[in-house]
Amino acid sequence: MMALQVAGGCLPLLPSRRAAAVRPPRASAAAAVEEDGKVRLGGSDVAVTKLGIGAWSWGDTTYWNEFQWDDRKMKAAKGAFDASVDCGITFFDTAEVYGAGISGAINSESLLGRFIKERQQKEQVEVATATKFAALPWRLGRGSVISALKDSLSRLGVSSVELYQLHWPGIWGNEGYLDGLGDAYEQGLVKAVGVSNYSEKRLRNAYERLKKRGVPLASNQVNYSLIYRNPEENGVKAACDELGVTLIAYSPIAQGVLTGKYTPDKPPTGPRGRIYTPEFLTKVLQPLINRIKEIGGSYEKTPTQVVLNWLICQGNVVPIPGAKNAEQAREFAGALGWNLTDQEVEELRSMAREIKPVIGFPVEKL
């Protein structure tokens, strides 16, 4: 049973008084819903909670955390993990490039592994872990995938992970990387394999190459939110539905901009401040945020919970917002257990069409 945020933690979440909306029909091949409310990743045997937690910010000092990492932020990240589990969210996404050595003070995988171990010392908890292979230019062939995966497993302190993904397409071709994913699956080092930032064409090619080996492509993780709907426009979402590949949505609250906490007088800091400027917040985003708040008020939900629920209502989508502390994690849990109406889903999409995407990933168009 899902949980609801309260002052002291989480309570069982009962259906909202207005939560009788029906989700849009899913394609026949889309991910199946398990009896316990989880969803199966594509055609794999891995079932995860309908919403996961992204761990990009854990240990990072180049984009998040005001360029510094300390014990206070470490404890906050641990609080985010524990609160997520307390609220029934047990799917966590990380990557080898998050944190130390590449982009921070300590590797995100190491932190996640530590948090899981500490939690399991207190109670038996089933956590689904996803991590990613960095397609760096000097990494060639299938062997590089297995080597990197074993390093990730060591940092996580596990013998296998539920989902291993190619973080982005390789410059020199992806056949070897895809073969490496197949090898990892057949060796039992991973329970499911996926890709990330793959265009429709690349997605279909990956699906077919793995299918020849009897390996299901479980997921494609892409940037997807109410104000960044490129997956709907470039064919990725439709292809995922057709092929039965789960779309995992990163940046589902547009790196915090859709939470409603930023205003023209209080814009985001750091790199995000250069993207979401006061002018953008005033002229472009504010009308949409106002309507999100109005809709949320009728459900007693926050803007964050509304926009996450909007994604879930698309079907075959698992959002993975990043949680830096327990408060954020508990709020994310409130996006589950209810649905916007079809009319509200389409109204928000219509309003958001006036907003042109301001941030993306270069390889999406390749």
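The following legends describe close-up views of a predicted model.

**View 1. Overall composition of the chain.** The secondary structure of the predicted chain consists of 12 helices and 12 strands. Of its 366 residues, 57% count as buried. When contacts between residues at least 6 apart in sequence are considered, 76% of them join residues at least 24 apart.

**View 2. The aromatic pair W58 and F115.** A search of the whole structure finds 8 aromatic pairs. In the pair shown, the ring centres of W58 and F115 are 5.5 Å apart and the ring planes stand at 65 degrees; the pair is therefore edge-to-face, since the angle is over 60 degrees. This pair links distant parts of the chain: W58 belongs to the loop between strand 5 (53-54) and helix 1 (71-86), F115 belongs to helix 2 (residues 108-120), and the two are 57 residues apart. W58 counts as buried because its relative accessibility is 1%, and F115 counts as buried because its relative accessibility is 2%. Ring pairs also join W58 and F115 with F81 and F92 into a cluster.

View 3. In soluble globular proteins, nonpolar side chains tend to be buried together. The largest nonpolar core here has 96 residues, and W58, L258, L288 and L340 are those with the most contacts inside it. Helix 9 (residues 278-299) contributes the largest share of this core, 7 residues. Another core, of 14 residues, lies apart from it and includes V39, A128, I248 and V318.

View 4. S219 is found in strand 10, which spans residues 217-223. With a relative accessibility of 0%, S219 counts as buried, because the value is under 20%. Leaving aside neighbours within four places in sequence, S219 is in contact with L163, Q165, V193, G194, V195, V245, T246 and I248. The C-alpha atoms of S219 and L247 are 5.7 Å apart in space, while the two residues are 28 apart in sequence.

**View 5. Salt bridge between E233 and R229.** Side chains of opposite charge can pair when their charged atoms come close. The count for the model comes to 22 salt bridges. In one of them, the side chains of E233 and R229 meet at 3.8 Å, N to O. E233 is exposed, with a relative accessible area of 55%, whereas R229 counts as buried at 5% relative accessibility.

**View 6. Salt bridge between R291 and E294 in helix 9.** The side chains of R291 and E294 meet in a salt bridge of 2.9 Å, N to O. Because R291 and E294 are 3 residues apart in helix 9, about one helical turn separates them. R291 is partly exposed, with a relative accessible area of 24%, and E294 is exposed, with 51%.

View 7. E346 and R349 form a salt bridge through their side chains, at 2.6 Å, N to O. Both residues lie in helix 12 (residues 342-352), 3 residues apart, about one turn of the helix. E346 is partly exposed, with a relative accessible area of 41%, while R349 counts as buried at 10% relative accessibility. Elsewhere, salt bridges that share partners join K78, D82, D86, E118, R119 and E123 into one network.

How values were computed
Residues are numbered from 1 along each chain as its sequence is written. This is a predicted model: local features need pLDDT of at least 70, side-chain atom pairs count only at pLDDT 80 or more; totals for chains, interfaces and linings use all residues. Side-chain values use heavy atoms; hydrogens and water are left out. Helices (H or I, at least four residues) and strands (E, at least two) are DSSP runs, numbered from the N terminus. Buried means under 20% relative accessible area, exposed over 50%, partly exposed in between (1.4 Å probe, protein chains only). Contact means heavy atoms within 4.5 Å. Rings of Phe, Tyr and Trp (its six-membered ring) pair if their centres lie within 6.5 Å; planes under 30 degrees apart count as stacked, over 60 as edge-to-face and the rest as tilted. A nonpolar core is a set of buried Ala, Val, Leu, Ile, Met, Phe, Trp, Tyr and Cys residues joined through side-chain atoms within 4.5 Å. A salt bridge is a side-chain nitrogen of Lys or Arg within 4 Å of a carboxyl oxygen of Asp or Glu.
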